[in-house]
Amino acid sequence: TVIADIIKGKKNLYSRFAAKAEALLSTKKPKVFVITPIQGEKHGDQEQQRIFKEYDQRFEVVERVISEAGAIAIRIDKEHALEDLVGRIKKEIRGAQFVVADLTDERPSCYFEVGFAEALNKKVIYMASKQSVAKPGTKTVIHFDIHMNMNYFTNHDELREKLSSAIEKNRQALFEEG
């Protein structure tokens with residue numbers, strides 16, 4: 001049959017694809033764990049979709065900046081882990097070169113992840129928008145004494161600029177061998 005002839009002539013494609021995929025997945029680029037609120041629903045009502053879309057777009061900006069810096073961004077909900085979520089978060093933070101944390105909307109899970117990273121002496125770049133995503137018009141309040149290290153932003157362009165600047169100004173400390 002025609003299909004059998006096509007498949008027969010293409011049987012080496014898998015090995016080439018597998019080799020390329022393995023090369024991409026086994027990259028030695030440093031990993032950066034991204035702590036961000038996981039809020040909203042992709043298929044929820046309009047308000048839930050707005051919140052989901054905003055945090056998703058922020059991650060795309062952060063991911064791009066981290067990639068331009070020569071590393072790979074890891075956001076736990078973008079991974080498809082089979083093990084328990086908290087265990088996976090701890091594993092990824094342990095293996096991260098450094099951490100970028102968006103503390104907008106004051107999520108307890110984000111504070112937990114930052115605390116874990118700090119306990120491991122990971123370098124953390126703190127970010128937060130000046131106002132809540134979930135409650136527009138409400139000022140973001142950062143708890144504890146980390147507010148002095150906060151990089152506040154108002155939009156995606158400012159997020160990109162401030163994160164890029166923080167990485168470049170601290171490049172040696174962030175990328176030093178641990």
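Colleague: How many bridges join β3 to β4, and which way do the two strands run?
Modeller: β3 and β4 (residues 124–129) run parallel, with 4 bridges between them. Strands count as paired if DSSP finds at least two bridges between them. Helices (H or I, at least four residues) and strands (E, at least two) are DSSP runs, numbered from the N terminus. This is a predicted model, so local features need pLDDT of at least 70 and side-chain atom pairs pLDDT 80 or more, while totals for chains, interfaces and linings use all residues. Residues are numbered from 1 along each chain as its sequence is written, and side-chain values use heavy atoms, without hydrogens and water.

Colleague: Which residue of β4 is the bridge partner of A101?
Modeller: Y126.

Colleague: What about β1 and β3? Parallel or antiparallel?
Modeller: Parallel, over 4 bridges; β1 covers residues 31–35. V34 has V100 of β3 as its bridge partner.

Colleague: Why is β3 described as largely enclosed?
Modeller: Because 5 of the 5 residues of β3 (residues 98–102) are buried, the strand is largely enclosed by the rest of the structure. Buried means under 20% relative accessible area, exposed over 50%, partly exposed in between (1.4 Å probe, protein chains only).

Colleague: Which residues sit on each side?
Modeller: F98, V100 and D102 lie on one side, V99 and A101 on the other. Both faces are covered.

Colleague: Which helix goes with β3 and β4 in the β-α-β unit?
Modeller: Helix α5 (residues 108–119), and the unit is right-handed. That means that, with the strands pointing away from the viewer, the path from the first strand over the helix to the second runs clockwise.

Colleague: Switching to R75. Where is R75 found?
Modeller: In the loop between β2 (72–74) and α4 (85–95).

Colleague: Buried or exposed?
Modeller: R75 counts as buried, at 4% relative accessibility.

Colleague: What does the R75 side chain reach?
Modeller: The backbone oxygen of Y55, at 3.5 Å. R75 also touches V34, T36, I38, D56 and F59, among others, leaving aside residues up to four places away in sequence. Contact means heavy atoms within 4.5 Å.

Colleague: Now the helices. At what angle do α3 and α6 cross?
Modeller: Roughly 35 degrees, and the axes of α3 (residues 46–68) and α6 (residues 156–169) come within 10 Å. Axes are lines fitted to C-alpha atoms, for helices over the stretch in contact, and angles run from 0 to 180 degrees between N-to-C directions.

Colleague: Which residues make the contact?
Modeller: Among them are V61, V62 and V65 of α3 and L159, L163 and I167 of α6.

Technical notes: Polar contact = N/O pair within 3.5 Å; in protein donor to acceptor, adjacent residues only side chain to side chain.
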